[in-house]
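Hello,

Here is the structure I promised to pass on. Please look it over first; my notes follow below.

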Amino acid sequence: MEKKDYQLCSEIAERASKILGWDKATIFMDLSCLMEGGSIQLDLEGLRDANEYDLVHDVVGINHHLNRRNGELKDFFLPRYAK
């Protein structure tokens, strides 16, 4: 993952943690795991700028459906900001 992507993941995690009351590090690790290992890539700029509803949908969905061993999403979950 590029340095820019890490920065975007950090910005998304910061915003999402304020909305959800979750730990920023957990959100960041989920996003980076998906971006590094998964077959699905995210439009990180779009997700960062997304409305609150779409941001929460993607972050919560990724958290619940991410296989942290291989970085892929299970149960056919597809984030709204998937490329």
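Helices here are DSSP runs of H or I with at least four residues, and strands are E runs of at least two, numbered from the N terminus. On that basis the protein has four helices and two strands. Their order along the sequence is α-α-α-α-β-β. Keep in mind that this is a predicted model.

Overall dimensions next. The C-alpha trace spans about 25 × 25 × 20 Å along its principal axes. Of the 83 residues, 41% count as buried. The protein exposes about 4900 Å², and carbon and sulfur atoms supply 48% of that area.

Now the contacts. Take those between residues at least 6 apart in sequence: 60% join residues at least 24 apart.

Helix 2 covers residues 24–37 and helix 4 covers residues 52–65. Their axes come within 10 Å and cross at roughly 75°. Angles of 65 to 115 degrees count as roughly perpendicular, so helix 2 is roughly perpendicular to helix 4.

Which residues make the contact? Helix 2 contributes Thr-26, Ile-27, Asp-30, Leu-31 and Leu-34. Helix 4 contributes Val-59, Ile-62 and Asn-63. By class, the contact of helix 2 with helix 4 has five nonpolar, two polar and one charged residues.

Best regards

Key
Residues are numbered from 1 along each chain as its sequence is written. This is a predicted model: local features need pLDDT of at least 70, side-chain atom pairs count only at pLDDT 80 or more; totals for chains, interfaces and linings use all residues. Side-chain values use heavy atoms; hydrogens and water are left out. Axes are lines fitted to C-alpha atoms, for helices over the stretch in contact, and angles run from 0 to 180 degrees between N-to-C directions. Angles under 35 degrees count as roughly parallel, over 145 as roughly antiparallel, 65 to 115 as roughly perpendicular and the rest as oblique. Contact means heavy atoms within 4.5 Å. Ala, Val, Leu, Ile, Met, Phe, Trp, Tyr, Cys and Pro count as nonpolar, Asp, Glu, Lys and Arg as charged, and the others, Gly among them, as polar. Buried means under 20% relative accessible area, exposed over 50%, partly exposed in between (1.4 Å probe, protein chains only). Accessible areas come from the Shrake-Rupley method with a 1.4 Å probe; for residues, only the protein chains shown count as cover.
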